[in-house]
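Please keep the sequence and the coordinates at hand while reading.

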Amino acid sequence: MRPRLSFSFPELALDGNLSPLLDRCSSPLFLRPLRRLHCLLLASALLHDPSLQVKLIRAYCACSDPFAARQVFDQSPHRNVVFFNVLLRGLVGHGRYLAAFRLFSSMAAHGVKPDHYTYPCVLAACSESKHLPGGAQIHAAISKLGLDSNLFVSNTLITMYARCRRLPAAELVFSAMPFKDAISFNSLIAGHAQAGDPARALQLCKSMAQTPAARPNDATLASVLSAVSSDVVFLRQLFDEMPERGLISYNAMIAAYANNSMAAEAVALYMEMEREVEPDEITFVSLLPACGDLSALDLGRRIHDEVERRSFRPNLFLENALVDMYAKCGDLPSARRVFEGMENRDVASWTAMISGYGMHGEGREAIAMFESMIMAGVRPDNIAFVAVLSACSHAGLVQEGKLYFSAMADRFRLSPTVEHLTCMVDLLGRAGKVDEGHELVKKMAVQPDERIWGALLSACRLHGNLTVGMEAADNVFKLAPAQSGYYVLASNMYARAGRWSGVAAVRAAMRQRGVKKSPGCSNVEIGGRVHMFLMGDREHDKAKEIYAELAVMAGRMKEAGYAVETEAALHDVEEEDKEGHLAVHSEKLAMAFALISTPPGTTIRVTKNLRVCVDCHTAAKFISKLTMREIILRDIHRFHRFKDGSCSCRDYW
Ligand code: ZN
Ligand code: ZN
């Protein structure tokens with residue numbers, strides 16, 4: 001609905017009614033009535049009043065017609081500092097910085113002295129146009145007049161220097177201020193944040209917290225968070241101490257958690273937020289990846305409902321985040337539904353679907369998606385190629401993978417990066433073509449990094465190629481001496497080949513270098529909460545029931561023919577230490593908890609931070625058959641969908 005400005009001639013006859021009418025002309029919607037009002041003013045000869053002239057200039061600026069404002073200004077014989085200030089603000093507000101500078105320079109010729117409203121206005125023009133020489137000149141004039149002790153003026157100076165990336169100058173103004181408010185701090189913090197000095201931004205933020213007149217607020221937190229990504233603990237402290245938390249600070253804090261892979265914290269904070277502040281699109285865009293990471297499908301669905309209820313669609317970022325969330329939570333049909341319902345799709349939308357199919361081992365679907373993307377006129381980028389190559393790798397589609405790899409350079413003029421080469425080595429290695437993978441590593445144009453050697457090492461473990469494997473292990477340990485996963489891989493490779501001396505050597509190297517294995521950890525979402533289990537965990541409220549269920553399952557599995565490979569259990573060190581812990585790997589605890597907490601027939605979704613071990617993989621097959629449940633287990637590489645005693649990966653992982 002357009003707001004209507006109505007007035008009639010009788011009203012106009014009363015001089016007192018004109019001022020409020022002009023004041024009401026506050027947006028471009030009022031431009032037409034304003035013009036009529038202007039005509040009437042001219043006709044009634046009332047426009048000789050300087051205060052009405054100023055109001056008319058201000059109204060034309062507010063209605064986005066700075067030209068008309070300028071005309072009124074030029075025709076007035078009364079031009080004083082107020083006239084100049086009003087027009088200056090209007091010009092700056094409309095981005096007409098050059099016109100503003102010219103107007104400012106003409107003040108002296110008119111015999112008008114700038115005041116403490118004029119300078120901040122011209123300084124704002126300098127900030128916005130990053131006109132440092134102009135800003136410095138005005139700073140000098142301000143100092144001469146002694147206006148630099150004015151809070152408003154000083155704050156504008158700080159912003160000007162910060163925007164022009166002259167932080168030392170901004171600091172000088174700041175430190176000379178007798179009194180500082182939140183805006184002074186925020187301007188300087190934003191400057192340091194943008195200039196890439198998070199340490200100073202944080203330091204300022206800390207001293208702000210001790211200044212009663214300048215409590216940190218939404219804007220502070222948003223600035224600091226944009227620069228500081230590592231010190232999440234401090235940020236949270238700051239957030240908790242804030243007297244008032246608004247949408248911006250919640251969004252910023254959730255984004256900080258999400259960017260630091262602290263998905264559980266992001267989700268927990270969102271739960272708090274819901275009780276205090278209405279979330280918006282930005283909240284959901286940062287929260288959805290966290291749901292994906294945790295496989296928090298229930299929460300993800302709830303957010304999807306909210307998105308629909310609040311009519312946030314169409315919104316490309318949000319829809320891409322939804323597709324990605326569903327794909328990561330293992331709900332491909334829902335991902336596909338959101339994808340199909342999108343008005344516009346970019347390369348990220350297609351890539352989310354391609355990698356979703358890829359992680360589920362549905363290589364053919366992934367390839368079909370990739371082809372449809374090209375047919376739809378969307379050009380694949382580097383990330384899309386990583387998605388399709390890893391899909392080929394998970395599904396063992398060697399020929400197709402090779403085709404896409406060469407198409408990258410030939411058809412799309414993209415040069416393969418380390419990620420693509422890692423996918424290729426992985427693809428060849430898994431398919432048993434270890435030597436071909438090795439050749440590729442030797443002749444690649446980029447310097448192979450630990451991921452490429454790691455992929456080769458992984459293939460050597462799978463296919464028992466000790467010659468290449470030892471070379472890969474040597475390189476991996478040189479490049480990433482602290483990453484436990486590679487030691488475990490090497491140790492497994494030796495164990496599978498029965499080389500116990502090799503196993504011992506790797507273990508000794510680990511001990512010597514003080515490398516700790518990263519603990520296995522599995523998540524499962526039950527009743528709107530994400531439950532987390534560590535290996536051998538007994539901390540959970542239902543620990544007793546969980547272990548009882550495991551014992552029952554172990555008995556039934558044994559009857560069904562499940563046998564722990566004792567040989568392997570003794571020597572084959574998988575990603576988690578097997579000795580004595582076979583029954584209590586985190587994924588087993590999570591599965592048992594899901595079994596006792598959900599009605600029969602409910603699909604079980606578990607997410608693990610490491611690769612699933614052979615024994616847990618076998619156990620999950622048995623459990624899916626014995627309990628007639630579908631179990632979807634996401635490990636660090638892919639999805640395993642266990643149904644009726646077999647896994648979607650066809651034991652190829
Ligand atoms: Zn296991
Ligand atoms: Zn599997």
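**Loop residues, sheet and overall form**

Pro314 sits in the loop that connects α19 (297-309) with α20 (316-328), where helices (H or I, at least four residues) and strands (E, at least two) are DSSP runs, numbered from the N terminus. The peptide bond that leads from Arg313 into Pro314 is cis, its omega being near 0°. The model is a predicted one, in which local features need pLDDT of at least 70 and side-chain atom pairs count only at pLDDT 80 or more, while totals for chains, interfaces and linings use all residues. Residues are numbered from 1 along each chain as its sequence is written, chains are lettered from A and ligands numbered from 1 in the order in which they are written, and side-chain values use heavy atoms, with hydrogens and water left out.

**Residues with positive phi**

- Ser295, in the loop between α18 (281-294) and α19, has a phi near 55°, which is a positive value in a residue other than glycine.
- With a relative accessible area of 6%, Ser295 is buried; the classes are buried for under 20% relative accessible area, exposed for over 50%, and partly exposed in between (1.4 Å probe, protein chains only).
- Asp644, which is not a glycine either, has a positive phi of about 50°, and this residue belongs to the loop between β5 and β6.
- Asp644 counts as exposed, at 57% relative accessibility, whereas Ser295 is buried.

- All six residues of strand β1 (residues 521-526) are buried, so the strand is largely enclosed by the rest of the structure.
- In a regular strand the side chains alternate between the two faces of the sheet.
- In β1 both faces are covered, with Cys521, Asn523 and Glu525 buried on one side and Ser522, Val524 and Ile526 buried on the other.
- Strand β2 (residues 529-534) runs antiparallel to β1 and is joined to it by six bridges, two strands being taken as paired if DSSP finds at least two bridges between them.
- The two strands β1 and β2 make a hairpin with two residues between them, and Gly527 in the turn has a positive phi of about 55°.
- Strand β3 (residues 604-608) is also antiparallel to β1, and three bridges join the two.

- Six strands make up an open sheet with mixed pairing, in the order β2-β1-β3-β4-β5-β6.
- At the edges stand β2 and β6 (646-647), each with a single partner strand, so one side of each is left without a neighbour in the sheet.
- The pairing of strand β5 (residues 639-643) with β6 is antiparallel and extends over two bridges, with Lys643 standing opposite Ser646 in β6.

- Pro33 and Ser175 are 142 residues apart along the chain, and their C-alpha atoms are separated by 49 Å.
- Asp65 lies in the loop between α4 (50-62) and α5 (66-75) and counts as buried at 11% relative accessibility.
- Apart from neighbours within four places in sequence, Asp65 is in contact (heavy atoms within 4.5 Å) with Leu31, Arg35 and Tyr60.

**Overall form of the chain**

- The protein chain has 35 helices and six strands.
- Its radius of gyration, taken over C-alpha atoms, is 33 Å, well over the 26 Å that the globule rule (2.2 Å times the number of residues to the power 0.38) gives for 653 residues, so the chain is more spread out than a compact globule.
- Along the principal axes, the C-alpha atoms of the protein chain fill a box of roughly 105 × 55 × 50 Å.
- Of the 653 residues of the protein chain, 52% count as buried.
- Among contacts in the protein chain with a separation of 6 or more, 64% are between residues 24 or more positions apart.
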